[in-house]
Amino acid sequence: MVETTSDDQSHAQAQRAEEDAAADEPAAQRPAAPQQPAAAEPAQAPAPNVQPAPTREELILRGLGFCGHYLHFHEGGRSGREPILCMLHRAGGSMSQLELGSRFELKPGSLSEILAKIETAGLIERTRDPRDRRALSIHLTEAGEQEALRAIEARKAFRDQAFSNLTVEEQDELVVLLGKIRNRWEELA
């Protein structure tokens, strides 16, 4: 029993001496401690309000989405009042309702509703075509012509400034990239 006690004491003293010596050595010179198998930590759920960083594709789509939204709402939409007035102006101030609807890919009922609002504002007149009583002709009024000219000038000013922060080379590259995107999206449709 005495031997066991002195052996245990000797072993404990030797361990303490090794620990004291190791504490005095720089960390780079100390031998690596034996690795214990790590206990499996439970996976932590992401914080509820933390959003992952957007992917490159998401950033591109957000940028294109903003541009589409801007053009749609600030430039009168695809078939809004300004585009219709500008189309009539480019056509010499008059065109058939059927042709106007086909240019904007609108159903007759939808186009009729839009035209009624523009007519109420005094910007167009709708008359029956004397050659075909079923067809309507749309004509710009003087007020409609003036609003179309203002819209055309505003669009020109926007186009002149919209890409002024890009060099000519960057604008050319953008044209190529947008063409590639369009081609790909047409393949996906």
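The axes of helix 3 (residues 81-90) and helix 6 (residues 142-162) come within 9 Å of each other, crossing at roughly 105°. That angle makes helix 3 roughly perpendicular to helix 6, a label given to angles of 65 to 115 degrees, while those under 35 degrees count as roughly parallel, those over 145 as roughly antiparallel and the rest as oblique. Axes here are lines fitted to C-alpha atoms, for helices over the stretch in contact, and angles run from 0 to 180 degrees between N-to-C directions. Helices (H or I, at least four residues) and strands (E, at least two) are DSSP runs, numbered from the N terminus.

This is a predicted model, in which local features need pLDDT of at least 70 and side-chain atom pairs count only at pLDDT 80 or more, whereas totals for chains, interfaces and linings use all residues. Residues are numbered from 1 along each chain as its sequence is written, and side-chain values use heavy atoms, with hydrogens and water left out.

On the helix 3 side, R81, E82, P83, L85, C86 and H89 meet G144, E145, E147, A148, L149, A151, I152 and R155 of helix 6; contact means heavy atoms within 4.5 Å. The residues of this contact between helix 3 and helix 6 divide into seven nonpolar, two polar and five charged. In this scheme Ala, Val, Leu, Ile, Met, Phe, Trp, Tyr, Cys and Pro count as nonpolar, Asp, Glu, Lys and Arg as charged, and the others, Gly among them, as polar.

Helix 3 also meets helix 5. Their axes come within 11 Å and cross at roughly 85°, which means that helix 3 is roughly perpendicular to helix 5. R81, I84 and L85 in helix 3 touch L111, I114, L115 and I118 in helix 5. By class, the contact of helix 3 with helix 5 has six nonpolar, no polar and one charged residues.

Helix 5 (residues 108-120) leads on to the sheet: it lies across strand 2 and strand 3, running at about 120° to strand 2. The sheet is open, with three strands in the order 1-3-2 and antiparallel pairing; two strands pair if DSSP finds at least two bridges between them. Strand 1 (94-96) and strand 2 (124-128) are the edge strands, each pairing on one side only. Three bridges join strand 1 to strand 3 (residues 136-140), and S96 has S137 as its bridge partner in strand 3. Strand 2 and strand 3 are paired over five bridges, with R128 bridged to L136 in strand 3.

R126 lies in strand 2. Leaving aside neighbours within four places in sequence, R126 is in contact with Q97, S112, L115, A116, E119, L136, S137 and I138. Between R126 and A116, the separation is ten residues in sequence and 9.0 Å in space, C-alpha to C-alpha.

Helix 2 (56-74), helix 6 and helix 7 (168-188) each supply at least two lining residues, and the largest share, eight residues, comes from helix 2. The lining divides into 13 nonpolar, two polar and one charged residues.
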